[in-house]
Amino acid sequence: MAASCRALCNVRSYFNPLGLVRSQYGALGPIGVRVLDSETHRPRRGAHPGKTSSQGGYRRSYGTGSGGSGSSRPGVFGRGAGVRVSVRVMGCAVLLGAGLGTYKTVKNSVQTHLAAEDTKGPQGLKLTLYQYKTCPFCSKVRAFLDFHGLPYEVVEVNPVMRKEIKWSTYRKVPILMVDGDVQLNDSSVIISSLKTYSVTKKKSLSEVLGFYPEMRSKNDSGKEVTEYSNKYWLMLSEEETQDLYPQKEAQKEEMKWRQWADDWLVHLISPNVYRTPGEALASFDYIVREGKFGSFEGFFAKYVGATAMFLIAKRLKNKYHLQDDVRQDLYTAVNDWVAAIGKKNFMGGEQPNLADLAVFGILRVMEGLQAFEDMMENTKVKHWYQRMETARLNPQDLQL
């Protein structure tokens with residue numbers, strides 16, 4: 001299930017009853033909402049580099065937040081269809097009811113994920129991931145960490161209060177803290193920098209991070225947005241690159257499909273998850289059951305929240321010029337991905353590469369929903385997806 005969220009009321013974050021924390025690209029997660037008021041691929045506003053005040057003093061901050069999109073106009077769920085005011089009211093209602101209730105599903109705010117016996121990641125780094133479980137960009141990072149056997153702690157962020165990241169001026173997820181000192185905020189920057197650091201023998205993490213500089217500009221609405229250079233590149237020597245990508249064009253293909261996952265695939269999730277009132281209701285029914293809501297919270301989460309998300313999904317469909325049957329866009333995208341893999345087991349060949357992990361992380365957030373079942377039944381993705389599940393959890397035991 002997926003979710004990420006935008007700013008509601010005076011909070012600058014996307015609101016999604018299934019995941020209320022704004023994630024990459026300000027993009028909503030599979031079960032998220034995205035209140036868009038800019039161009040198709042909204043640029044991201046990220047944390048400013050340099051020192052960021054925190055509980056323990058100062059932390060260095062690199063990258064944008066979760067996959068990083070631009071910030072949206074706070075408090076606006078959408079215009080049109082005569083629902084501007086009603087959607088805002090419903091959003092606030094869900095914020096009060098569903099938001100607090102959803103957090104009950106992840107009461108244990110800190111979980112330890114040991115992908116290896118050690119308690120540290122690459123070259124002895126201690127990794128802490130601040131996330132919302134159903135955020136697709138957080139899911140991308142977890143897929144990467146799990147596959148590479150990197151142990152990490154998970155801090156589940158309260159989707160409404162976000163007190164777990166109150167020390168950060170950057171208010172989106174995922175945030176990855178390295179050794180409690182260095183803060184990484186963009187899912188693609190997190191993945192590229194850690195992969196580079198784990199491969200190279202000649203650069204420190206700080207040196208690696210210097211290859212992903214911040215760039216600021218203004219979008220079509222005149223708002224300042226932040227992008228990061230090179231975020232799909234691995235910064236390796238020629239020898240290291242040849243070792244990692246023995247096949248010609250393999251690196252270029254990986255980068256192309258990583259960007260495709262961020263720029264296109266992720267935007268197909270919410271319209272499909274909330275395609276009909278029944279599917280929206282089913283999504284919230286899952287949350288209510290898992291979250292042990294009280295009767296009041298459950299009502300708002302299941303009925304008011306599902307109604308709001310259904311309306312927003314329609315707005316997203318129009319924004320991205322999707323077909324009336326949004327399933328067809330999802331099927332086409334997934335089949336395009338499978339066709340690009342061809343006869344290989346993975347895009348990366350015998351083992352998943354970073355594009356495999358990105359696509360898998362995004363699609364995974366729909367598990368348990370009708371959209372996921374339909375995708376499995378009506379596309380050719382099933383066998384690849386099953387291989388990815390095996391590879392993520394048991395990369396050394398992968399049966400090819």
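Helices here are DSSP runs of H or I with at least four residues, numbered from the N terminus. The model shown in these views is predicted.

**View 1. The protein chain as a whole.** The protein chain holds 13 helices and nine strands. Of its 400 residues, 60% are buried. Taking contacts between residues at least 6 apart in sequence, 71% join residues at least 24 apart.

**View 2. Leu330 and its contacts.** Leu330 belongs to helix 10, which covers residues 326-341. The relative accessible area of Leu330 is 0%, under the 20% cut-off, so Leu330 counts as buried. Leaving aside residues up to four places away in sequence, Leu330 touches Leu268, Asn272, Met366, Ala371 and Met375. One of these, Met375, is 45 residues from Leu330 in sequence. In space, the C-alpha atoms of Leu330 and Met375 are 7.5 Å apart.

**View 3. Asp186 in the loop between strand 7 and helix 3.** Strand 7 spans residues 182-184 and helix 3 spans residues 187-199, with Asp186 in the loop between them. Asp186 is buried, and its relative accessible area is 0%. The side chain of Asp186 reaches the backbone nitrogen of Val189 at a distance of 3.0 Å.

View 4. Strand 8 runs over residues 214-218 and strand 9 over residues 224-228. The two strands pair in the antiparallel sense, with five bridges. In one of the pairings, Lys218 has Glu224 in strand 9 as its bridge partner. Five residues lie between strand 8 and strand 9 in this hairpin. Gly222, in the turn, has a positive phi of about 85°.

**View 5. The second largest pocket.** The volume of the second largest pocket is about 450 Å³. Its lining consists of 24 residues. Nearest the centre of the pocket lie Leu244, Tyr245, Gly348, Gly349 and Asn353. Two elements, helix 6 (250-263) and helix 11 (354-364), each give two or more residues to the lining. Helix 6 gives the most, with three residues. Sorted by class, the lining of the second largest pocket has eleven nonpolar, six polar and seven charged residues.

Technical notes. Residues numbered from 1 in each chain as written. Predicted model: local features only at pLDDT ≥ 70, side-chain atom pairs only at ≥ 80, totals over all residues. Heavy atoms only, no water. Buried < 20%, exposed > 50% of the residue type's maximum accessible area, 1.4 Å probe, protein only. Contact = heavy atoms within 4.5 Å. 1 Å grid on protein atoms, 1.4 Å probe; cavity = no way out; pocket = protein on both sides within 12 Å on 5 of 7 lines; lining within 4 Å. Points joined across faces, edges and corners; volume = space filled by probe spheres on them. Nonpolar A, V, L, I, M, F, W, Y, C, P; charged D, E, K, R; others polar. Pairing = 2+ DSSP bridges. Polar contact = N/O pair within 3.5 Å; in protein donor to acceptor, adjacent residues only side chain to side chain.
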